[in-house]
Amino acid sequence: MTSSVTYDGNSAILERGFVYSNNIDPTTDDSKISDAANTMGSMTALLEYLSPGTTYYVRSFATNE
């Protein structure tokens, strides 16, 4: 999956990536893949080891200071 951070809120980005869950509205308390670059711009991730026949919901996220 691919997403991008286009605005940092005028504050340094501390973490960014993707959260996923079988709940319709995943949060950073669910499973998370963080991107190594804490900057604005594109990010990609590959979800592995998911259970077959299960619906997953995925959201991108970024946190700043």
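In which loop is aspartate 35 found? In this predicted model, aspartate 35 sits in the loop between strand 3, residues 31-34, and strand 4, residues 41-44, and the legends below begin with that residue.

**View 1. Aspartate 35 and the residues around it in the loop between strand 3 and strand 4.** Aspartate 35 has a relative accessibility of 18% and therefore counts as buried, since the cut-off for buried is under 20% relative accessible area. A polar atom of the aspartate 35 side chain lies 2.8 Å from the backbone nitrogen of alanine 37. When residues up to four places away in sequence are left out of the count, aspartate 35 touches Arg16, Gly17, Met43 and Thr44.

**View 2. The salt bridge between arginine 16 and aspartate 35.** Side chains of opposite charge can pair when their charged atoms come close. Here arginine 16 forms a salt bridge with aspartate 35, and the closest N and O atoms of the pair are 3.5 Å apart. Because arginine 16 lies in strand 2 while aspartate 35 lies in the loop between strand 3 and strand 4, the pair ties together parts that are 19 residues apart in sequence. Both partners, arginine 16 and aspartate 35, are buried.

**View 3. The salt bridge between glutamate 15 and lysine 32.** How many salt bridges does the model contain? The count comes to three, and one of them is formed where the side chains of glutamate 15 and lysine 32 meet, with 3.4 Å from N to O. This pair links distant parts of the chain, with glutamate 15 in strand 2, residues 13-21, and lysine 32 in strand 3, 17 residues apart. Glutamate 15 has a relative accessibility of 23% and so counts as partly exposed, and lysine 32, with a relative accessible area of 38%, is partly exposed as well.

**View 4. The salt bridge between arginine 59 and aspartate 25.** The side chains of arginine 59 and aspartate 25 meet in a salt bridge with a distance of 2.5 Å from N to O. Distant parts of the chain are linked by this pair, for arginine 59 belongs to strand 5 and aspartate 25 to the loop between strand 2 and strand 3, and the two are 34 residues apart. With a relative accessible area of 39%, arginine 59 is partly exposed.

**View 5. Threonine 28 in the loop between strand 2 and strand 3.** Is threonine 28 buried or partly exposed? Its relative accessibility is 41%, so threonine 28 counts as partly exposed. Threonine 28 and arginine 59 are 31 residues apart in sequence, and their C-alpha atoms are 9.5 Å apart in space. Leaving out residues up to four places away in sequence, threonine 28 touches Val19 and Phe61.

**View 6. Threonine 54 in the loop between strand 4 and strand 5.** The loop that holds threonine 54 runs between strand 4 and strand 5, the latter made of residues 57-64. Threonine 54 has a relative accessibility of 33% and therefore counts as partly exposed. The C-alpha atoms of threonine 54 and isoleucine 24 are separated by 12 Å, although the two residues are 30 residues apart along the chain.

Methods. Residues are numbered from 1 along each chain as its sequence is written. This is a predicted model: local features need pLDDT of at least 70, side-chain atom pairs count only at pLDDT 80 or more; totals for chains, interfaces and linings use all residues. Side-chain values use heavy atoms; hydrogens and water are left out. Helices (H or I, at least four residues) and strands (E, at least two) are DSSP runs, numbered from the N terminus. Buried means under 20% relative accessible area, exposed over 50%, partly exposed in between (1.4 Å probe, protein chains only). A polar contact is a pair of N or O atoms within 3.5 Å; within protein, one must be able to donate a hydrogen and the other to accept it, and residues adjacent in sequence count only if both atoms are side-chain atoms. Contact means heavy atoms within 4.5 Å. A salt bridge is a side-chain nitrogen of Lys or Arg within 4 Å of a carboxyl oxygen of Asp or Glu.
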